[in-house]
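Visitor: I'm new to this structure. Could you walk me through how to read it?

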Amino acid sequence: MKLKNTLKIVLLFLLLIFLLNYKKFFFTPYKSDVNSSELEGVIHVHSILSDGKSDVKQISEEAKKAGLDFLILTDHGHPNFKSLKQEGIHNSISVISGSEISVHEGHLLGIGFEEPTYKFSPVGKEAMEDVREGGGISIIAHPNSKKVPWNGNFDGNFNGIEIINIDSQMRGHNLVSLVTLPFIYPINPLYAFLRIIKNPVEEIKKWDSLNKKGEVWGFYALDAHGKLSITESFSLPFPSYSSLFRIIKLHIPVEKDFPINFREKRALILNSLKNGKFYSSIDGASSSRGFRFYGKKGNKFLSAGEIEEKESDLFVEASFNFPFEIHLIKNGETIKKSKEKILKYRVKENGFYRAEVHLINNPVLREDVPWILSNPIYMRSKKTDEINGQKNELLKEKFLTDFKNEKYFVEEKDQKSWVHTEISEDGNKNYLLMKFKLGIPEKKNENLWCALTRREYMNFNEYKGLSFNIKSDKKLRVWFQVRDIFQNEERWWARSVKIKENWEEKIIYFKDLYNIKGKKDYPINLKYITGIFFVFDRGSTIEGTDGKIYLSKLCLIY
């Protein structure tokens, strides 16, 4: 009897939802009748190579059904090497591979980079540099997510920031919306998700503040998994890839005769994303094809992402046959609104200018949510190269090791790895040569490592950090590790260091080391250091990698 009553209540609840929203259940996106040449695609997609539901072939089939030209695969990894090998044409869809990199500050998307010979840093700023050195683009993912927000500074060398992330929007919504989602989704997936998209006020505010200092692009992203994970062991079988691929898209305006060869098409897409020559839109509410935001000075045209020093006319073209409102925004503040199909504005003051288009009286998308989001055009002096980072300090050094007469470090390893060290000389430079090969794991979480170790009690209390000269036979990443004793417990402190083929001096400040083992609420105990280590393991190095590193002139600095 109780079960019957419960079923009646549920059915009445569903009937009430339907009656209140019956028009929305039958909603279909508005269509644009503008004939324009554009590439349409999506960014932030996961496959079975990390925590997605389907393989790349199946995902590309869904992308084809949704009318996409490209998709950007971002499986989790440092980077995800298996995912990088998926690049190419699948079911006529251009698949560009990257990775979602977990760093101390949050998550970072890296796309379009060459496959590295090492693993990317767990430090955000360093991971951005790893991506940049590989010719790629880095984007801060879901900065205000409740699950994994960005907790660091926005001061690295990155290209963009996610303004809308559908997965984060779902997780950040109220309980009633999430409870009704499974009932609405089977009837109309577009309505099910468009109704929960909120105005990304904080993300846009942060984006505008970043653009006052440099050029940063805004992205609408999916974070598509083909499922919705509730816990590690339980997931809902929606949203499907195909439904998400219809909701949010990136648009790249192109010439009519754009390339069809994958390499050339890949280069065009990545160059457009790298230089801000695209716009984001919520196509699940309406097709945005044909939108244009540009500047004009005489016979010279400016597109989004470009810089101009002189006065120009800005144009926003939105030739759509349904109600909308154009917002022209300068330095984060709306300066003009228009419901006409073309907005024209004469720029008289420097700043950055961008455009939003909002739908009016759309049955499913809120009016305060930017339906279309352009990237900025910058009216200011052209950017000059700046020197980033800390100013060079006048540091004093004290030799800790000069590698002249004996081995100051010994080698250690697990049973599957190999390591050999020897002292040698290069002109006037004495150095320690370490040859190593990291083992290949048989189990998922198998601990493989090899290291140079110096285990002895040392008092570093008067010093700021350590410096050393180092090089390698190829680009590698190694953990520099210091251990201390605190309250009778040994703790581990580490920082990853990238090594290149030429000698470089590296300076590691004790204050910049991360606690990776032991009590975390207390600073490093410099009075009781128990060892210094250079470690290669699966967190820094590709399994099976062999290589050489050369180490000289280890000093304390103060």
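Guide: We'll take a sheet, then a helix, then the nonpolar cores. This is a predicted model, where local features need pLDDT of at least 70, side-chain atom pairs count only at pLDDT 80 or more, and totals for chains, interfaces and linings use all residues. Residues are numbered from 1 along each chain as its sequence is written, and side-chain values use heavy atoms, with hydrogens and water left out.

Visitor: What is the order of the strands in the open sheet of 6 strands?

Guide: Strands of a sheet pair through backbone hydrogen bonds, either parallel or antiparallel. Here the order is S24-S27-S33-S29-S30-S32, with antiparallel pairing. Strands (E, at least two residues) and helices (H or I, at least four) are DSSP runs, numbered from the N terminus, and two strands pair if DSSP finds at least two bridges between them.

Visitor: Which strands stand at the edges?

Guide: S24 (410-413) and S32 (514-517) do; each has a single partner strand, so one side of each lacks a neighbour in the sheet. From one strand to the next, the twist averages 35°.

Visitor: How many residues of S33 are buried?

Guide: Buried means under 20% relative accessible area (1.4 Å probe, protein chains only). In S33 (residues 529-537), 9 of 9 residues are buried. S33 pairs with S27 (residues 449-458) over 8 bridges, with Cys450 opposite Phe536. S29 (residues 476-486) is joined to S33 by 6 bridges, and there Asp484 faces Ile529.

Visitor: Which residues of helix H8 are buried?

Guide: In H8 (residues 201-211), they are Glu203, Ile204, Trp207, Asp208, Leu210 and Asn211. They lie on the same side of H8 because they cover an arc of only 160° around the axis, taken from the directions from the helix axis to the C-beta atoms. These buried residues pack against strands including S7 (160-165) and S20 (351-359).

Visitor: Which residues touch the most other members of the largest nonpolar core?

Guide: In soluble globular proteins, nonpolar side chains tend to be buried together. A nonpolar core is a set of buried Ala, Val, Leu, Ile, Met, Phe, Trp, Tyr and Cys residues joined through side-chain atoms within 4.5 Å. Among the 83 residues of the largest one, Phe245 and Ile282 touch the most other members. Helix H7 (residues 189-194) gives the most to this core, with 5 residues. Another core, of 37 residues, lies apart from it and includes Met434 and Leu551.

Methods. Buried < 20%, exposed > 50% of the residue type's maximum accessible area, 1.4 Å probe, protein only. Contact = heavy atoms within 4.5 Å. Axes fitted to C-alpha atoms, helices over the stretch in contact; angles between N-to-C directions.
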